[in-house]
Amino acid sequence: MPTVDFRAVRAMVSMAEVLRLLDYPLPLAEADSLRGSCPVHRSTSSKSRTFSVHLKRNLFRCFGCGSAGNHLDLYAAVTRQRVYQAALDLCEKLHRPVPWLTKTG
Ligand SMILES: [Zn+2]
C-alpha cells in the first residue's frame, strides 16, 4: 500500500493555506501568530482566545481542548479525518500532486 510523504505535504502547504481552507479568519497584516476561537472543539464563543497559531512555524495549540500539532494535524482534526485522508484531501483541494513515498532498495 502506498504511503503519503507527510513531511513533503507539510512542506508544500502553509498554515495560512490550511486556515483559509477551513474558512478561518486570518489576520490582515503579516502576523507571525494569531489567537482566536478554536475550530477543533468548535468553540461557539467569538471572544474565545484559547486557540493559538504560529503561522511561520506551522504549529497550533488550544488551551481549551488540549489539541496541538502542525498544520496537517489541524486540518485532520477540524475535518475529522485521519491524517492520511487529510493529506490527500489537502492536496486535492489545493491542486497539488500527492507526494507518494516510494520505497527504494
Ligand atoms: Zn480547542
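The model is predicted: local features require pLDDT of at least 70, side-chain atom pairs count only at pLDDT 80 or more, and totals for chains, interfaces and linings use all residues. Residues are numbered from 1 along each chain as its sequence is written, and side-chain values use heavy atoms, with hydrogens and water left out.

The zinc ion has four protein donors: Cys38 (SG), His41 (ND1), Cys62 (SG) and Cys65 (SG). They lie 1.9 to 2.4 Å from the ion. Donors are N, O and S atoms within 2.8 Å of the metal (3.2 Å for Na, K and Ca); water is not among the atoms, so sites may look incomplete. Angles among the four donor atoms run from 100 to 126°, and the site is tetrahedral. For four donors, that term requires all angles to lie between 85 and 135 degrees. The ideal angle for four tetrahedral donors is 109.5 degrees.

Along the chain, the zinc donors follow the spacing C-x2-H-x20-C-x2-C. His41 lies in the loop between strand E2 (33–36) and strand E3 (51–54), and Cys65 in the loop between strand E4 (59–62) and strand E5 (68–70), so this pair ties together parts 24 residues apart in sequence. Helices (H or I, at least four residues) and strands (E, at least two) are DSSP runs, numbered from the N terminus.

Cys38 is buried, at 2% relative accessibility. His41 is partly exposed at 35%, and Cys65 is partly exposed at 36%. Buried means under 20% relative accessible area, exposed over 50%, and partly exposed in between (1.4 Å probe, protein chains only). Cys91 is buried, at 1%. The structure holds zero disulfides, defined as pairs of cysteine sulfur atoms within 2.5 Å.

Helix H3 (residues 71–78) packs against helix H4 (residues 83–93) at an angle of about 100°. Their axes are 9 Å apart. H3 is thus roughly perpendicular to H4, a term covering angles of 65 to 115 degrees. Axes are lines fitted to C-alpha atoms, for helices over the stretch in contact, and angles run from 0 to 180 degrees between N-to-C directions. H3 contributes Leu72, Asp73, Tyr75 and Ala76 to the contact (heavy atoms within 4.5 Å). H4 contributes Val83, Ala86, Ala87, Asp89, Leu90 and Lys93.

Two non-glycine residues have positive phi. Arg42 has phi near 50°. Arg42 sits in the loop between E2 and E3 and is partly exposed, at 49%. His95 has phi near 55°. His95 lies in the loop between H4 and strand E6 (100–101) and is exposed, at 71%.

Technical notes
Four donors count as tetrahedral if all angles lie between 85 and 135 degrees; four count as square planar and six as octahedral if opposite donors are over 155 degrees apart and all others between 65 and 115; anything else is irregular. Angles under 35 degrees count as roughly parallel, over 145 as roughly antiparallel, 65 to 115 as roughly perpendicular and the rest as oblique.
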